[in-house]
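Hello,

I am passing this structure on to you, with notes on what was found in it. Please read the notes with the structure open beside them.

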Amino acid sequence: MSAPATAAAFGVLAALCAMVLRRYEPALGLVVALAAAVMLLAWAGDALEEILAFLDELEELSGISPAVVGPVLKAVGIAVLTRISSDLCRDAGEGGVASAVELAGSAAALFAALPLLRAALTTLTELL
C-alpha cells in the first residue's frame, strides 16, 4: 500500500475510533483525534521536505528572490496549521475558540507576507 493510501486509511480509522469514543468519553475522543493529527503530520514531514527541496531548486534555477518565496511559504504553513488547529477546536465543541484561532491565523499570515506586500507597494510606487 502506498504512503498516501496508508495515511488516508489511518486517518479514516482514527476518525471512526474518535467518533465512537466521543459517544462514551468525549475527552478521550479528542485525544485520539489529536494524536492522529500529530502522526499524520509526522508522515507528511517527509513529503514536505521533498517539496521544500524542490522549491529551493526552483528558486535557484528561476532566479526568484528568497524575499518572495520565504513569505509565501510562511503564509502557507500558517494557513495549514491554522486550519488543523481550528478544526480540532471545533471537534472539541469550541466554535468560538476555533473562530479566534482562524482570526489569529489570518493576522499571522498577513504579518508573514508583509515584506512581500511592501516590496509590491514599492514597485508600484516606482512605476507611477
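Ile-78 is found in helix α3; helices here are DSSP runs (H or I, at least four residues), numbered from the N terminus. With a relative accessible area of 22%, Ile-78 is partly exposed; buried means under 20%, exposed over 50%, and partly exposed in between, using a 1.4 Å probe and protein chains only. Ala-104 is 26 residues away from Ile-78 along the chain, and their C-alpha atoms are separated by 9.9 Å.

The model is a predicted one, in which local features need pLDDT of at least 70 and side-chain atom pairs count only at pLDDT 80 or more, while totals for chains, interfaces and linings use all residues. Residues are numbered from 1 along each chain as its sequence is written, and side-chain values use heavy atoms, with hydrogens and water left out.

Salt bridges

A salt bridge is counted when a side-chain nitrogen of Lys or Arg is within 4 Å of a carboxyl oxygen of Asp or Glu. By this rule there are two salt bridges.

One joins the side chains of Arg-83 and Asp-87, at 3.2 Å from N to O. These residues are separated by about one helical turn, because they are four residues apart in helix α3. Arg-83 is exposed, at a relative accessible area of 55%, while Asp-87 is partly exposed, at 34%.

Glu-102 and Arg-90 also meet through their side chains in a salt bridge, at 2.9 Å from N to O. This pair links distant parts of the chain: Glu-102 belongs to helix α4 (residues 95-127) and Arg-90 to helix α3, twelve residues apart. Glu-102 has a relative accessible area of 31% and is therefore partly exposed. Arg-90 also counts as partly exposed, at 39% relative accessibility.

Pockets

Grid points are joined across faces, edges and corners, and a volume is the space filled by probe spheres set on the points.

The largest pocket holds about 250 Å³ of space. Helices α2 (26-62) and α3 (66-91) are the elements that give two or more residues to its lining. The largest share, six residues, comes from α2. Among the lining residues are Leu-41, Ala-44, Leu-73 and Gly-77. By class, the lining of the largest pocket has nine nonpolar residues, one polar and no charged ones. In this scheme Ala, Val, Leu, Ile, Met, Phe, Trp, Tyr, Cys and Pro are nonpolar, Asp, Glu, Lys and Arg are charged, and the others, Gly among them, are polar.

The second largest pocket has about 200 Å³ of space. Its lining is made of 14 residues, and Ala-33, Ala-36, Ala-37, Leu-88 and Asp-91 lie nearest its centre. Two or more lining residues come from each of α1, α2 and α3. Here α1 gives the largest share, six residues. The lining of the second largest pocket has ten nonpolar, one polar and three charged residues.

Surface patch

Which residues form a nonpolar patch on the surface? They are Val-12, Leu-16, Met-19, Val-20 and Tyr-24, with about 540 Å² of accessible area together. Patch residues have over 30% relative accessible area and no salt bridge; like charges are joined within 9 Å, and nonpolar side chains (Val, Leu, Ile, Met, Phe, Trp, Tyr) within 5 Å. Accessible areas come from the Shrake-Rupley method with a 1.4 Å probe, and for residues only the protein chains shown count as cover.

Val-12 sits in helix α1 (residues 3-24) and counts as exposed, at 52% relative accessibility. Asp-56 lies in helix α2 and is partly exposed, with a relative accessible area of 43%. Asp-56 and Val-12 are 44 residues apart in sequence, and C-alpha to C-alpha they are 33 Å apart in space.

Regards

Terms used
1 Å grid on protein atoms, 1.4 Å probe; cavity = no way out; pocket = protein on both sides within 12 Å on 5 of 7 lines; lining within 4 Å.
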